[in-house]
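Good morning, and thank you for coming. I ask you to look at the model on the screen while I speak, and to find each part as I name it.

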Amino acid sequence: MINSRDPSTRVSLQPAFVLHTYPWRETSLIAEMLTRDYGRVSVVAKGAKRPMSQYRGMLSPFCPLSISYSGKADIKTLTKCEWHGTVILPDSALMAAFYLNELLVRLLTRNDPVPRLFKSYFDVLKELSEHKNPSLCLRGFEVDLLNELGYGIPTVENDHRYQFVNGDWKSLEGVSSDIGIGGDILNSLKNKSISPVQDKEAKAIMRDILDYYLDGRPLNTRQIVTALKKI
């Protein structure tokens, strides 16, 4: 809720998740947060690394929080944090969850409300905690993220094939079936109804789309997964 005395500088008890933290000075942390009503918000938790800090142990990923903060600069000052439990994720889902966090940090602009995406994020964490197929969970969230950014997947002809080229979709009617992706898979992606059989192709096209909007900058979580597979 916004403090009526100064709505531009104070926010109280906003539902939030930590996406990423990094040290700031000797005893503090800067946290990138996903909030329900303000989207991605950067806050500084002063003294968070001190043994007796009110924030110690609370600014961890995948924990539903309520946060209060103030300030007019891009990085706000965290003033209160309430912990509402932890979404317990199996080891097999941890990298998938960190991948979601990295996507949000990279692609969301600050202070842009994303209430539907906040719900989608919470929902996919709960799905991952229930040992559902991580890859299929990710595809659904990626579609929700693209929709939020205004880059949603179009409705297409099931029996045509398509190619994603520089932000646009090109129909490949009459072209070899080895090129592009089937319209049936694109429609399944759009409707978030991808089957395990379709997932390999769906994953490949989503990677192409996201790489385009990431301007080709590699995701750290992808690199870590690739390195682990070589061990």
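Two strands are said to pair if DSSP finds at least two bridges between them. Helices (H or I, at least four residues) and strands (E, at least two) are DSSP runs, numbered from the N terminus. This is a predicted model, in which local features need pLDDT of at least 70 and side-chain atom pairs count only at pLDDT 80 or more, while totals for chains, interfaces and linings use all residues. Residues are numbered from 1 along each chain as its sequence is written, and side-chain values use heavy atoms, with hydrogens and water left out.

Strands of a sheet pair through backbone hydrogen bonds, either parallel or antiparallel. Here, 3 strands form an open sheet in the order 7-6-8, with antiparallel pairing. Strand 7 (168-171) and strand 8 (181-182) are the edge strands, each pairing on one side only. Between strand 6 (residues 161-165) and strand 7 there are 4 bridges, in the antiparallel sense. Within this region, Val165 stands opposite Asp168 of strand 7.

What lies across these strands? Helix 5 does. Helix 5 runs at about 25° to strand 6 and lies across strand 6, strand 7 and strand 8. For such angles, axes are lines fitted to C-alpha atoms, for helices over the stretch in contact, and angles run from 0 to 180 degrees between N-to-C directions. Contact itself means heavy atoms within 4.5 Å.

The term denotes a side-chain nitrogen of Lys or Arg within 4 Å of a carboxyl oxygen of Asp or Glu. The side chains of Glu201 and Arg161 meet in this way, at 3.7 Å, N to O. Glu201 belongs to helix 5 and Arg161 to strand 6, so the pair links distant parts of the chain, 40 residues apart. To describe exposure, we call a residue buried under 20% relative accessible area, exposed over 50%, and partly exposed in between (1.4 Å probe, protein chains only). Glu201 is partly exposed because its relative accessible area is 38%, whereas Arg161, at 19%, counts as buried.

In it, 5 strands close in the order 1-2-3-5-4, with mixed pairing. From one strand to the next, the twist averages 55°. Strand 3 (residues 39-45) and strand 5 (residues 75-83) pair in the parallel sense over 3 bridges. Val43 has Lys76 in strand 5 as its bridge partner. Helix 1 packs on this sheet, touching strand 1, strand 2 (28-35) and strand 3, and its direction makes about 105° with that of strand 1. Helix 2 packs on the sheet as well, touching strand 1 and strand 2, at about 60° to the direction of strand 1.

How do these two helices meet? The axes of helix 1 (residues 91-107) and helix 2 (residues 115-129) come within 10 Å and cross at roughly 170°. The two helices are therefore roughly antiparallel to each other; angles under 35 degrees count as roughly parallel, over 145 as roughly antiparallel, 65 to 115 as roughly perpendicular and the rest as oblique. Among the residues that make the contact are Ala93, Ala97 and Leu104 of helix 1, and Leu117, Tyr121 and Leu128 of helix 2. By class, this contact has 10 nonpolar, 1 polar and no charged residues. Nonpolar here covers Ala, Val, Leu, Ile, Met, Phe, Trp, Tyr, Cys and Pro; Asp, Glu, Lys and Arg are charged, and the others, Gly among them, are polar.

Asp123 is partly exposed at 26%, and Lys126 is partly exposed at 36%. In total, the count comes to 12 salt bridges.

I close with two backbone details. Most residues other than glycine have a negative phi, and most peptide bonds are trans. Leu13, however, has a positive phi near 50°. Leu13 is placed in strand 1 (residues 10-24) and is partly exposed, at 42%. Asp215 likewise has a positive phi, near 55°. Asp215 sits in the loop between helix 5 (199-213) and helix 6 (220-229), and is exposed, with a relative accessible area of 63%.
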